[in-house]
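I opened a notebook page for this structure. My entries follow in the order in which I looked things up.

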Amino acid sequence: MTTPPTLAVWKFTSCDGCQLTLLDCEDELLALAGRVRIVHFTEASSTVEPGPYDVSLVEGSVTTPDELRRVAEIREQSRILVTIGACATHGGIQALRNFADIEEFTSIVYASPEYIETLSTSTPISDHVPVDFELRGCPIDRRQLLDTLCAFLAGRAPDIPNTSVCTE
Ligand code: SF4
């Protein structure tokens, strides 16, 4: 009997909306369950298995020193890495900071800004590690997400235009 491929879902700086799109695919995920083992998806389960992972979905942008470290680790552990949503593919709304003074922002927003560990920029995952596929949208489209997952699990490239955005 062959072992089903493993799927891991990772969160960086984001609103969780794209992970919720995945959770919203409940019926389809059950159908996929025989073909894939979800081994890391903290939004849905406390089960955490160590890598390597066959497919990793990454939501969110890189905005902290810890995320800089984690993104490299996840890339190392993942055969296929897919970024999901505008935060992960382009930096998201939080990339507005890229055009401002982050120290001024933190001093205005936080009572003790010295405890805030943040980068002065919000950047897409592809600025830091090679990405195999980018799924765009805010949030992503559930049909495109399922098509992408099925394609990679079948060992082929997804048939989704790179300019597509969510229309649901
Ligand atoms: Fe949320 Fe949009 Fe970012 Fe997805 S792309 S995590 S929906 S802000």
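**Entry 1: cysteines.** I began with Cys-138, which is exposed because its relative accessibility of 69% is over 50%. I keep in mind that the model is predicted. Next I looked up Cys-87. Its relative accessible area is 17%, under the 20% limit, so Cys-87 is buried. I then searched the whole structure for disulfides and found zero.

**Entry 2: ligand shell.** Which residues are around the ligand? I listed Ser-14, Cys-15, Asp-16, Gly-17, Cys-18, Glu-59, Gly-85, Ala-86, Cys-87, Gly-137, Cys-138 and Pro-139. Both cysteines of my previous entry, Cys-87 and Cys-138, are in this list. I sorted the shell by class: six residues are nonpolar, four are polar and two are charged. I also checked which helices contribute. Helix 1 (17–23) supplies at least two shell residues, and so does helix 4 (86–90).

**Entry 3: Thr-21.** I stayed with helix 1, where Thr-21 has its place. Is Thr-21 buried or exposed? Its relative accessibility is 10%, which is under 20%, so I note Thr-21 as buried. I left aside neighbours within four places in sequence and looked for contacts. Thr-21 is in contact with Pro-139, Ile-140, Asp-141, Arg-142 and Leu-145. Of these, Pro-139 is also one of the residues around the ligand.

**Entry 4: cores.** I recalled a general point before looking: in soluble globular proteins, nonpolar side chains tend to be buried together. Here the largest nonpolar core has 23 residues. Leu-22, Leu-57 and Ile-84 have the most contacts inside it. I traced which elements supply at least two residues each. The strands are strand 1 (6–11), strand 3 (53–59), strand 4 (78–84) and strand 5 (133–135). The helices are helix 1, helix 2 (26–32) and helix 6 (142–153). Helix 6 gives the most to this core, five residues.

Entry 5: Ile-140 and Leu-145 were on my list for Thr-21.

**Entry 6: aromatic pairs.** How many aromatic pairs does a search of the whole structure find? I got two. In one, the ring centres of Trp-10 and Tyr-53 are 5.4 Å apart and the planes are at 70°, so I call the pair edge-to-face. Trp-10 is in strand 1 and Tyr-53 in strand 3, so the pair ties together parts 43 residues apart in sequence. I noted both Trp-10 and Tyr-53 as buried.

The other pair is Phe-133 with Phe-152. Their ring centres are 6.2 Å apart and their planes are at 70°, so this pair is edge-to-face. The pair links distant parts of the chain, from strand 5 for Phe-133 to helix 6 for Phe-152, 19 residues apart. Phe-133 is buried at 12% relative accessibility. Phe-152 is buried at 13%.

**Entry 7: Pro-50.** Pro-50 sits between strand 2 (37–41) and strand 3. Pro-50 has a relative accessible area of 69%, over 50%, so I put Pro-50 down as exposed. I took the C-alpha separation of Pro-50 and His-40 and got 8.4 Å. Pro-50 and His-40 are 10 residues apart along the chain.

Conventions. Residues are numbered from 1 along each chain as its sequence is written. This is a predicted model: local features need pLDDT of at least 70, side-chain atom pairs count only at pLDDT 80 or more; totals for chains, interfaces and linings use all residues. Side-chain values use heavy atoms; hydrogens and water are left out. A residue is near a molecule or strand if one of its heavy atoms lies within 4 Å of it. Helices (H or I, at least four residues) and strands (E, at least two) are DSSP runs, numbered from the N terminus. Ala, Val, Leu, Ile, Met, Phe, Trp, Tyr, Cys and Pro count as nonpolar, Asp, Glu, Lys and Arg as charged, and the others, Gly among them, as polar. A nonpolar core is a set of buried Ala, Val, Leu, Ile, Met, Phe, Trp, Tyr and Cys residues joined through side-chain atoms within 4.5 Å. Buried means under 20% relative accessible area, exposed over 50%, partly exposed in between (1.4 Å probe, protein chains only). A disulfide is a pair of cysteine sulfur atoms within 2.5 Å. Contact means heavy atoms within 4.5 Å. Rings of Phe, Tyr and Trp (its six-membered ring) pair if their centres lie within 6.5 Å; planes under 30 degrees apart count as stacked, over 60 as edge-to-face and the rest as tilted.
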